Each structure stands twice: as C-alpha cells, then as structure tokens.
Amino acid sequence: MRISKLPEIGTKYEIESPKGDKVAVIFLTTGEIELYVLEAGADKPSVTRLTSEEARRVGSVLTGALLTIAPEDVEVSFSEISDLRINIHVCQVTKGVVGKSIEELAFRKKTGVTIIALSRRGRSVISPPPETVFEEGDLIVLIGESEQIKVCARDILGKG
C-alpha cells in the first residue's frame, strides 16, 4: 500500500491487485472520502464520493462485519461468529420514563437490553451511569437481541 499526503486535499491510500486493478481511497480535508477504482486496461477510473458514515458502512462490509440497516435499527453480524446477531436500536424516551433513572427502570434485568449511549440536547454520553435520570427529548441507544429490544420497547418504553 502506498500512502501519500496531498497538500490541502488530504491523504491518499492506494493499492494494486495482482491483476493490475488499482484502488485509491482519499480522505479529504473536508471529512469526505473519495473512492477510485481503475480496472487494469481501463482508461478512466470509477469515482465516488462518500460521507464518513457511508465509508464506515462500506468498510464494515469489506471487513466481514455485515450490517442490516432499518430506520432506527442496525443489525450487525460477523462472518467469524455466524450465529451472533447484535441489534442496535435508537429511540426517543417516552413520557412514561421521563424523571426515572436507568437503574429504577431495570432495562437489563427486565429485558436483557443494555443502554449503550444517551443523547441529550446534542450531547452524547457513552455508557451512561445507572443513576442517569431521563429527560424529555432524550434519545437512547439500546443493544440486545431483536426480541429483547421489542420487549423493552413494549414493556418499559410503552411503545407498540
């Protein structure tokens, strides 16, 4: 792999396959990523520009961590552990839990779900402590099995 700094543009990582295909990834100073693919014998490369989120998704596919994405949900599976599926769900707290703590609601004890992050007024907290009290407008990120998340949404959050 060749790595080169491109002044005022970013950093380029380039590899060439044994067949002569070339792939270049340029991390732009703007935060976007450009992906170039030039097949052996071709005159022009295929080019696309990705957001950092899109690039992470492509990267996870290339490394074998497969993602299935639905609105507010992501399922991650791993090629090395075929039976493992991890669901990550983002939801807004409901009025029924506002003013109560994570510990009081006993998410994990009652459903097996763990809260891995909380976002409040644009600031996020990874692994919020059990004494965290929910406020109106909070977003929480849950992790667990698909069925556990459904039970949590129904029994604790009072959704559907």
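These exercises work through the fold, core and pockets of a predicted model.

Residues are numbered from 1 along each chain as its sequence is written, and side-chain values use heavy atoms, with hydrogens and water left out. Local features need pLDDT of at least 70 and side-chain atom pairs count only at pLDDT 80 or more, while totals for chains, interfaces and linings use all residues.

**Exercise 1. Describe the overall build of the protein chain.**

Step 1. Count the elements. The protein chain holds four helices and eleven strands. Helices (H or I, at least four residues) and strands (E, at least two) are DSSP runs, numbered from the N terminus.

Step 2. Box it. Along the principal axes, the C-alpha atoms fill roughly 65 × 40 × 25 Å.

Step 3. Check burial. Of the 160 residues, 29% are buried. Buried means under 20% relative accessible area, exposed over 50%, partly exposed in between (1.4 Å probe, protein chains only).

Step 4. Take one residue pair. Pro7 sits in the loop between strand S1 (2-6) and strand S2 (10-16). Pro7 is exposed, at 70% relative accessible area. From Pro7 to Asp83 is 76 residues in sequence and 46 Å in space, C-alpha to C-alpha.

**Exercise 2. Which residues of the largest nonpolar core touch the most other members?**

Step 1. Define the core. It is a set of buried Ala, Val, Leu, Ile, Met, Phe, Trp, Tyr and Cys residues joined through side-chain atoms within 4.5 Å.

Step 2. Among 16 residues, they are Val97, Phe107, Ile115, Phe134, Ile140, Leu142 and Leu157.

Step 3. Assign elements. At least two core residues each come from helix H2 (102-105), strand S9 (114-120), strand S11 (139-144) and helix H4 (146-156). H4 has the largest share, three residues.

Step 4. Leaving out residues up to four places away in sequence, Ile115 touches Ile102, Phe107, Pro128, Phe134, Ile140, Val141 and Leu142. Contact means heavy atoms within 4.5 Å.

Step 5. Turn to H4. Its buried residues are Ile149, Val151, Cys152, Ala153 and Ile156. They pack against strand S8 (81-92), H2, H3 and S11. Just after H4, Gly158 takes a positive phi of about 70°.

**Exercise 3. Characterise the largest pocket.**

Step 1. Set the volume. It is about 240 Å³. On a 1 Å grid over the protein atoms alone, with a 1.4 Å probe, a pocket is an open set of points with protein on both sides within 12 Å along at least five of seven lines; lining residues have an atom within 4 Å of a point.

Step 2. Read the lining. It includes Val23, Phe27, Leu35, Leu50 and Arg56. Strand S3 (22-28), strand S4 (33-38) and helix H1 (52-63) give two or more residues each. H1 gives the most, five.

Step 3. Sort by class. The lining has nine nonpolar, one polar and one charged residues.

**Exercise 4. Which element gives the most to the lining of the second largest pocket?**

Step 1. Note the volume, about 210 Å³.

Step 2. Find the contributors. H2, helix H3 (107-111) and S9 each supply at least two lining residues.

Step 3. S9 gives the most, with three residues.

Technical notes: Grid points are joined across faces, edges and corners, and a volume is the space filled by probe spheres set on the points. Ala, Val, Leu, Ile, Met, Phe, Trp, Tyr, Cys and Pro count as nonpolar, Asp, Glu, Lys and Arg as charged, and the others, Gly among them, as polar.
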